[in-house]
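The sequence and structure come below.

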Amino acid sequence: FPSHDMTIAAEWQRKAADQGYAAAQNRLGLMYKSGDGVPQDDIRAEDWLKKAANGYQNAASQGDAEALYMLAGLYKNGEGVIRNDEKAAELYKKSIDAYLKAAEQGDIKAQEALGDIYERGEIVPKNNNQAAKWYVKAAESGDVDAQFLLATKYRSIGSAVPQSYTNAAIWYRRAAEQGDARSQYYLAGMYRDGLGVNQNNEEASKWYRRAADQGYEAAQGTLGALYYLGEGVPQSFEKAAKWYRLAAEQGDFMAQESLGLLYEKGLGVPQSYAEAASWYLKSAEQGYREAQFRLGYLYELGKGVSQDHTQAAEWYLKSAKKGHQEAQYFLAILYDQGLGVKQDDVEAAAWYRKAAESGHAGAQVNLGVMYEAGQGVPQSYTEAIRWYQKAAEKNDETAQNNLGQMYLSGNGLGG
């Protein structure tokens, strides 16, 4: 689960657990053990795992393959029961026998489980041929989950089946034609990238639209991008805004940032820095570096928010630490000028360097200036020239001028 969904997940697991559902009791116990979605609590974890063990015991006594398998895992890890490797091995063997019996009778979930068991090779010797056999049997039954799973296996490197974009597209299509939104989304991506199918933006947009119409968040955001770019659909900022909004309201952080940008620029929506800042904040709080940079920029300029260089520096720093080039450059300027942070030539030079090393011309110029003056770095005309040259090659006028001045003065030309 995304981190923001863990608390909600725990709430629903608790409802099922309270009704005696062993799988939910098991998951809830593990959540308490790790502190995911609930406060970490070993006592509650043990309590729920014991309840899960009891529930699995009852189902396992009836020969339920999944219950046997899950109970074996509890004995293997000593969760809710006293650890017993011999008992775990015995239960694993019984679970395999039960899965095989069910799978041979056409049980799709048993077939999928066997595929996973043989692929991971933890309780039986790893056997990709057996794994592939059961994955294919499940998919051929027409089950969309099995088809999606097999397609994803074909799309991945190092799974039980040899990577094949062509086969991935085939199985995504089978599930997509049955209305599976996930498969529609991934099939669209394959058309967009030309993987396993001929590249076709119109086909891509068609499948994105089908998934988006079902409320599939990622498809809505991508469809917004297609309308923004005019890729496979007529270019329309208004439709881009519509689809970005639908995805953004579901929590899609990239769509939130993109919608914020439309508001900042007044494209397809009335121009509003306040709305831009609001959407940037939603995205930035999820850790998206582009939104963190753009929110910092609005704070620096005082657009849509009260001007606050301290806030600007904080958001720039969050983004800069994730490698955002512009954020590194603007943060360096704040340190250079002492805006929102204590003036610090060394910090300024360090952030200029990070941006400069990734090719930012302005940062290369400013780092050159610092080397020329010995400001925050050891004075070095040679280093100044080196950084000016990098920016000058990008047609930066300041760099070209500074480089010309250094040649006129002869500074650094002797080594």
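**Nonpolar cores**

In this predicted model, the largest nonpolar core has 125 residues, and Y56, L71, Y99, Y208 and Y352 have the most contacts inside it. A nonpolar core is a set of buried Ala, Val, Leu, Ile, Met, Phe, Trp, Tyr and Cys residues joined through side-chain atoms within 4.5 Å; buried means under 20% relative accessible area with a 1.4 Å probe, protein chains only.

- A second, separate core has eleven residues, including M6, A10, V38 and W48.

**Helix 12**

- Buried residues of helix 12 include A219, L223 and L226.
- The buried residues of helix 12 pack against helix 10 (181-193), helix 11 (201-213), helix 13 (237-248) and helix 14 (253-265).
- G230 follows helix 12 and has a positive phi, near 70°.

**Basis**

- Residues are numbered from 1 along each chain as its sequence is written, and side-chain values use heavy atoms, with hydrogens and water left out.
- Because the model is predicted, local features need pLDDT of at least 70 and side-chain atom pairs count only at pLDDT 80 or more, while totals for chains, interfaces and linings use all residues.

Terms used
Buried < 20%, exposed > 50% of the residue type's maximum accessible area, 1.4 Å probe, protein only. Helix = DSSP H or I, 4+ residues; strand = E, 2+ residues; numbered from the N terminus. Contact = heavy atoms within 4.5 Å.
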